[in-house]
Every structure is written in structure tokens, then in C-alpha cells.
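I opened my notebook to look up a few things in this structure. Come along and check each entry against the picture.

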Amino acid sequence: MQSPFGKGSELAGPAPAPSASSPLEVIWLRAGLLLPERVASTFPPSAPSFSPPSLPPSPGSPSPALAAAAPSPRTGEKDAVASAQEEETRRLEPDWSRKRVFSSLPASLASAGLTEEQKEFQKVALDFASKEMAPHMAEWDEKEIFPVETMRKAAQLGFGGIYVKPDVGGSGLSRLDTSIIFEALSTGCTSTTAYMSIHNMCVWMIDTFGNEEQRRRFCPSLCSMEKFASYCLTEPGSGSDAASLLTAAQRKGDAYVLNGSKAFISGAGDTDVYVVMCRTGGPGPKGISCLVLEKGTPGLSFGKKEKKVGWNSQPTRAVIFEDCVVPLGNRLGAEGQGFNIAMKGLNGGRINIASCSLGAAHASVLLAQEHLAVRKQFGEPLANNQYLQFRLAEMATRLVAARLMVRNAARALQEGREDAAVLCSMAKLFATDECFAICNQALQMHGGYGYLKDYAVQQFVRDIRVHQILEGTNEVMRMIVARNLLQG
């Protein structure tokens, strides 16, 4: 079947950077046969096919013992009872694909204020999330699968280097476009999308601070996700106080000898490229430089795979350096520029992770809407309870407020405004706190069902919790905002 964009645009392995007159055409061309289907702009169009557990008897129903002792009904009555039970099970099944009128409001708000191009990016990302991620979200979590092939399919759509320049395989999109895409993808699997956001940050660092040789050596294979990247800043003894890191690189001729360790590194052990912040000079931020290591470097090893509450579709390990010889040509920027590179990367990383939180919260609002409509207590749907109506209204309101903050910060970062760093910190603080509260409230609305792994809402709660810790804890975000206010 031929794509409407001409011959040769069908997906067949990693797509080269296409020739296009606009970023939208890049996504279209990479999408191949995906776009003609024109997915509906609902959030999200489908979801993991979780099967509900055996349901407890409804209030007023006879106990199993009494039911067994009761006289057997006639065949017609049996059929009616079985049909009623089947209907109740179907009504309680957590299925995001059923379309309801009340879902149109949050869906329209997710696209409010976007250009037509941005709405198309959103549609492509939503379609991918619903078809390629959501059906596997629970399995990836339970079996701790790093979905390499799925992410490579995402890279064929341009999602491996979203805000990387097109001449090295990137999509060349804006920070706002990136936020929209990560929010949409996160409705399908927050954990996987969060790793993709970290990978994108690493590629951007190489693209922005690397020389031409470095850009062309590393970026194309990272943008196609033939290779994957990890960001190495945090150490066992320096988390929030990143400027005190101890991993050291000693200059010896035309190479560095690197020793030390990093902790809590996403993708470590399974990824191919490591962007490492290390000390090449004296104490403090000015003594830090940035090196790029490749897997297989002698002396590079990894700790055990960590057992985590969430984010289970991406491995997390310590990264250990023992006399690793790193060529001088693998240093990004000048000596002493590493801390600046790290902080600039984290400004975007904070927008990215906040965007992943938005997607999880949006999906959780829809799950709560569905559950309130189908679950009956005391003879009425939970949706008729005014207290729950008000809580749902508050959830939707906080979600929209968080989204506006994130998108405003994304625009500021793209424009290079002086207040961009503090706005990114504010957005990360507000969005990750509020979105976790939204997901947690959605779980509460599910009652006991929300605590079962058969229901998607609990996975969103577990996956989103760490967003308040990484890319700078929310306590550090408060410090940044307060310092900005008091120095002003």
C-alpha cells in the first residue's frame, strides 16, 4: 500500500532523516501509513487490556452460601441472572476504549491553544501510545521489560531526537512540541516515556555542546534509537548537591582516566552511550567536565539491577568507573563547562518529566470518570455523588493549571528567556506534585479495585511518584524559586 506522501515512505527499518519543508512533514513522513488513519483526538484512545478480578457481591445480593442453597431457577431465569452478572462485569471492566460524551471536555482542553501542526503531533503520539504502548504497559511493568523494539518504532516517528537538529537525524521540533508529544506518549506507558525523555535530553546535549565530529559520530544512531543513552550525574554521596560530585577524570596525554561511580542511572547496563559529569578540576561547579563513554569501555561496569516501586520498564543500576580511559575527543565542550551543560540539560529535563506527569494524570482522570459512571453503590452510580463530582472537577482543574504552567515554561525555554530556568523549576514542582495528587485521588475513587494490579490506575500512581524526586527534587525546586525571588 502506497503512502499518500509518495513512494518509499513506508516504514521499513530505521528511517533516515527525511527531506521535508516543515517539522510536521518530518513526522508525517516518518509515520508512513500511520497518519492516513487519522486517529481521533481523544485522550487516550485506548488502554491496557486489564481484566477485572472476581467482583464482590453487590449490596443486597445473597451470599454465595445462600445462593447455593436456594432452589435452582428455571432456564429462562438462569439466563437472565447470567446476563445481568455478565453486564455488571462488563460495566466494571477498566476499558479506556469506550467513548463517553463526558470525556470530550478534558480531550479538548489537552489540545486547546495548539496550532494545527501541534495537534497533528499529538495525534501521532496518541495513536502510537494506544497501539504500541498501552497494550503492553502492565506486562512491561510486571516482567521488568525494557521495550527496545517499541522505542525503536517510536524513533521511526522522530521521537528519538525530538528537539535535535535534523542534519544529524533529529526532528528539529520545539520544546513545546516535545512537551505535547511526551504528554501524549505517557498515557500509554509513563515509565517508558520517561526513559525516552532522558534519552532525548542526552542526545540534545551532544547535539548542542558537541563539535561537528561528535555530533555526527553519536547523534544519528541515538536519534534512530539504534543505540540508547543514559545521563550520569547523581552519585551515592551527592544527589541534590550535584556540584559536590567526586567522580574524577585525570588528564593523561590525549585521554582522561576516569574513576568513581554514579547511582540511580536510568537504562544503565542496557544502554550504549553514557553522558558523564565528572571532576577534572578543583572543588565546586567550575571543576566539572562532561565526558561521553561508550558501552564496552574497559573499566566500565554496572551494579545490580535495582528493585523499584515503579518505572519498572526501564532498568536502573549504579555505573562504576575503574581506570576507564576516555579519549580527549569524547569531552563535550571545554574543561570546566560540565556543570553548565548538566544544568541546561536539566532545565529541559524538568519540562520533559513534568509532561510525562501530565499524561499520567490525564489518563487517570479518564479512568476515574469511567469508574464513577459504571460503579454502583447504594443503588446509584458513584457519578451521582456530589462529593465525588466536586473532587473530579478539582482534579480536572488542577490538571489544566499544571498543563498551562508546563507549556508556558516550555515556550520560555525555547525562546531563551532570562526567567526560563525558574519557570522550568516552578512547572516541574507544581506539575509533578499536582499530577501525583490527581493520580492518587483517581486510585481512591476506585476503592479497593484501585489497589489491584488488574487496574491501570495503580501503575500510574507508582510510575509518577518518582517524578517528585528526579531531575532535581521538588525541595530543590522550591530552593531555586525562593532564591530567584529573594535575589530579585
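**Entry 1: helix α8**

I began with the buried residues of α8, and I listed Arg175, Leu176, Asp177, Thr178, Ser179, Ile180, Ile181, Phe182, Glu183, Ala184, Leu185 and Ser186. Buried means under 20% relative accessible area, exposed means over 50%, and partly exposed lies in between (1.4 Å probe, protein chains only). Helices (H or I, at least four residues) and strands (E, at least two) are DSSP runs, numbered from the N terminus.

A note on the source: this is a predicted model, where local features need pLDDT of at least 70 and side-chain atom pairs count only at pLDDT 80 or more, while totals for chains, interfaces and linings use all residues. Residues are numbered from 1 along each chain as its sequence is written, and side-chain values use heavy atoms, leaving out hydrogens and water.

I then asked what covers the buried residues of α8. The cover includes α5 (116-133), α9 (190-209), α11 (338-374), α12 (386-415) and α14 (456-465).

I also checked the span of α8, which runs over residues 175-186. From first C-alpha to last, α8 reaches 16 Å, close to the 16 Å expected at 1.5 Å a residue. The expected span is 1.5 Å times one less than the number of residues.

At the start of α8, I found a side-chain oxygen of serine 174 within 3.4 Å of the backbone nitrogen of leucine 176.

**Entry 2: cysteines**

How many disulfides does a search of the whole structure find? I noted zero, a disulfide being a pair of cysteine sulfur atoms within 2.5 Å. For cysteine 223, the nearest cysteine sulfur is that of cysteine 219, 5.6 Å away. Cysteine 223 is buried, at 4% relative accessible area.

**Entry 3: serine 261 and threonine 247**

I found serine 261 in strand β3 (residues 255-266) and threonine 247 in the loop between β1 (229-232) and β2 (248-252). They are 14 residues apart along the chain, yet their C-alpha atoms are separated by 6.2 Å.

Is threonine 247 buried or exposed? Threonine 247 counts as buried because its relative accessibility is 1%, whereas serine 261, at 25%, counts as partly exposed.

Leaving aside neighbours within four places in sequence, serine 261 is in contact (heavy atoms within 4.5 Å) with residues including Glu235, Thr247 and Phe321.

Terms used:
Polar contact = N/O pair within 3.5 Å; in protein donor to acceptor, adjacent residues only side chain to side chain.
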